[in-house]
Amino acid sequence: MKNTTVVQSMINAIDKPAIFISPDYIIHAVNQAYIETYDTEVTLGKSRCHQVSHHSDEPCDPHGEECPLQQCQKTTRSANAVHIHSTAQGKSYCDILMKPIKDDAGIIMGFLEILDSIDYASTESKKDTMVGQSAPFKQMLNKINRASQSNIAVLLQGETGAGKELVAKAVHQASNRSDKPFVVIECTGLSESLFESELFGFEKGAFTGATTSKKGLIEIAHGGTVFFDEIGDVPMNMQVKLLRLLETQCYRAVGGLKQKRSDFRLVSASHKNLLELVDKGEFRRDLYYRIAGFPIYLPSLRERQDDIPTLINHFMKLSDYKHKKFSANALQLLSSYSFPGNIRELKNIIEQSALIANEDLIHSNDLPESVHAIESKTANQIIPEDNTSAVNLNETKIMSLDDLEAEYLSHICQQYQGSPAELAITLNVSVRTLYRKLQRYGLKL
Ligand SMILES: Nc1ncnc2c1ncn2[C@@H]1O[C@H](COP(=O)(O)OP(=O)(O)OP(=O)(O)O)[C@@H](O)[C@H]1O
């Protein structure tokens with residue numbers, strides 16, 4: 001290897017773990033941060049990167065991880081990948097940046113690998129982190145890390161309970177705004193007047209009852225990140241005001257004359273397909289392109305079934321029933337269930353069944369009805385027989401899923417005696433999602 005001293009000086013100047021490697025993965029220069037991160041000794045000119053980071057004699061790609069070195073060789077441009085590394089602290093997520101280094105003649109001399117640990121995600125149960133290790137989960141982490149390094153507007157699209165709020169927090173946490181506020185704005189059910197006073201604040205005397213002035217959420221978020229949850233629910237007439245705010249970052253408090261400015265990073269989320277709403281004329285196209293600078297798709301739990309055992313273990317550890325365990329049958333049943341409510345539903349199912357189980361072993365019959373339904377699902381009757389408005393799938397013409405949901409919720413509204421919080425748990429949705437759905441179909445409990 002030529003210019004070893006120059007390369008070593010370059011590596012020493014990097015404040016993150018870094019190495020310089022040749023196309024055969026051999027490490028030729030290493031910095032102190034890298035040596036401290038891993039528990040394997042590095043011998044320059046001999047050790048290979050995968051031996052240090054994966055304790056493996058083979059490169060990463062045969063083990064299901066994309067090799068950034070190979071991508072770099074193919075394209076002769078920088079490449080990124082998220083890998084699980086064996087560090088001195090145990091297994092941890094790592095974001096890899098691989099850059100080809102060329103000599104004066106443009107010939108690649110080797111590759112610079114810079115590593116960044118990902119603290120907001122974990123392969124094992126860890127409080128306040130996103131847990132998972134499946135390929136779709138890693139792809140999502142890769143996108144979160146790319147997005148958090150810039151100020152680009154991020155749009156999170158995924159089913160209810162798939163973790164959108166957690167991902168929004170991760171984007172904030174991994175950005176250089178992490179020490180500033182993270183402010184959530186729930187867009188469902190905001191009337192025009194509430195929208196303005198919540199977002200922009202109001203001056204004393206602006207309306208009856210405004211006895212003092214109040215800061216808006218946009219002002220509170222200054223320097224940080226604003227998360228607009230369910231942005232698809234912002235009514236058309238308010239979308240114009242939202243667009244103006246996002247374009248200029250300027251606003252006026254209700255009843256105020258002074259123009260104010262707030263520097264915030266925008267993250268939005270929706271479980272609806274916003275482009276379909278644009279086509280139907282229910283969402284402004286210009287607003288869509290303003291918020292969708294960097295779309296991130298959140299896989300449903302069905303698409304990341306490999307993560308189910310890790311998530312079960314995670315939620316059990318966080319629960320009051322750490323000593324209990326699921327039987328093999330119960331685990332089998334859970335892994336074949338479709339989880340329409342995604343991770344939130346899995347969490348609720350675990351808590352419910354751990355509570356119900358009389359023994360330390362949680363059996364399949366401790367799992368809720370919804371999970372068993374898949375076993376006996378020649379199920380024609382989706383609502384119990386005594387139900388006057390039951391939908392019989394044998395007799396009913398095919399309905400849209402929205403109509404079916406509306407009919408079912410309408411039936412519940414007529415009969416249900418308990419609290420909204422209890423109902424939300426039974427339906428495996430958040431209280432917020434329950435209210436959102438009721439509002440959507442014009443229903444009241
Ligand atoms: N990867 C994960 N690891 C551990 N817990 C998770 C993960 N993803 C989501 N959760 C948990 O699942 C629950 C639902 O997540 P979250 O509220 O972020 O979903 P959401 O997509 O915003 O839901 P909604 O559309 O209903 O608002 C939360 O309790 C969250 O902590």
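## A buried residue: Ile144

Ile144 has 27 C-beta neighbours inside 10 Å, so it counts as buried (20 or more other C-beta atoms within 10 Å of its own; 12 or fewer is exposed, in between is partly exposed, with C-beta atoms placed from the backbone). This residue belongs to helix α5, residues 135-148. Helices (H or I, at least four residues) and strands (E, at least two) are DSSP runs numbered from the N terminus.

Leaving out residues up to four places away in sequence, Ile144 touches Val167, Ala170, Val171, Ala174 and Ile296. Touching, or contact, means that the C-beta atoms of two residues, placed from the backbone, lie within 7 Å. Leu434 is 290 residues from Ile144 in sequence, and the two C-alpha atoms are 28 Å apart in space.

## The model and the whole chain

This is a predicted model, in which local features need pLDDT of at least 70 and side-chain atom pairs count only at pLDDT 80 or more, while totals for chains, interfaces and linings use all residues. Residues are numbered from 1 along each chain as its sequence is written.

The chain holds 18 helices and 18 strands. Of its 445 residues, 34% are buried. Its C-alpha atoms fill a box of roughly 80 × 65 × 40 Å along the principal axes. Among contacts with a separation of 6 or more, 61% are between residues 24 or more positions apart.

## Domains

Four domains divide the chain: domain 1 (4-117), domain 2 (135-297), domain 3 (317-377) and domain 4 (379-445). These bounds come from an automatic or database domain assignment.

Between domain 1 and domain 2, the C-alpha centres are 38 Å apart. Six residues from domain 1 and six residues from domain 2 take part in the contact. On the domain 1 side, the elements giving two or more residues are β3 (79-87) and β4 (90-102), and β3 gives the most, with three residues. By class, that side has three nonpolar, two polar and one charged residues. Here Ala, Val, Leu, Ile, Met, Phe, Trp, Tyr, Cys and Pro count as nonpolar, Asp, Glu, Lys and Arg as charged, and the others, Gly among them, as polar.

## Around the ligand

The ligand is surrounded by 18 residues, and the closest are Met130, Gly163, Lys164, Glu165 and Ile343. A residue is near a molecule if its C-beta atom, placed from the backbone, lies within 6 Å of it. Two or more residues of the shell come from each of β7 (130-131), α6 (164-173) and α14 (342-356).

The shell has five nonpolar, nine polar and four charged residues. Why does the ligand lie between domain 2 and domain 3? Both domain 2 (135-297) and domain 3 (317-377) give residues to the shell, so the ligand lies between them.

Five strands form an open sheet in the order β9-β12-β15-β8-β16, with parallel pairing. Strands pair if DSSP finds at least two bridges between them. At the edges are β9 (182-186) and β16 (294-297), each pairing on one side only. From one strand to the next, the twist averages 20°, with axes as lines fitted to C-alpha atoms and angles from 0 to 180 degrees between N-to-C directions. Strands β9 and β12 (residues 225-229) run parallel and are joined by five bridges. Val184 stands opposite Phe227 in β12.

Helix α7 (residues 192-200) has Glu196, Ser197, Leu199 and Phe200 buried. The buried residues of α7 pack against β9, β10 (201-202), α8 (217-220) and β13 (250-252).
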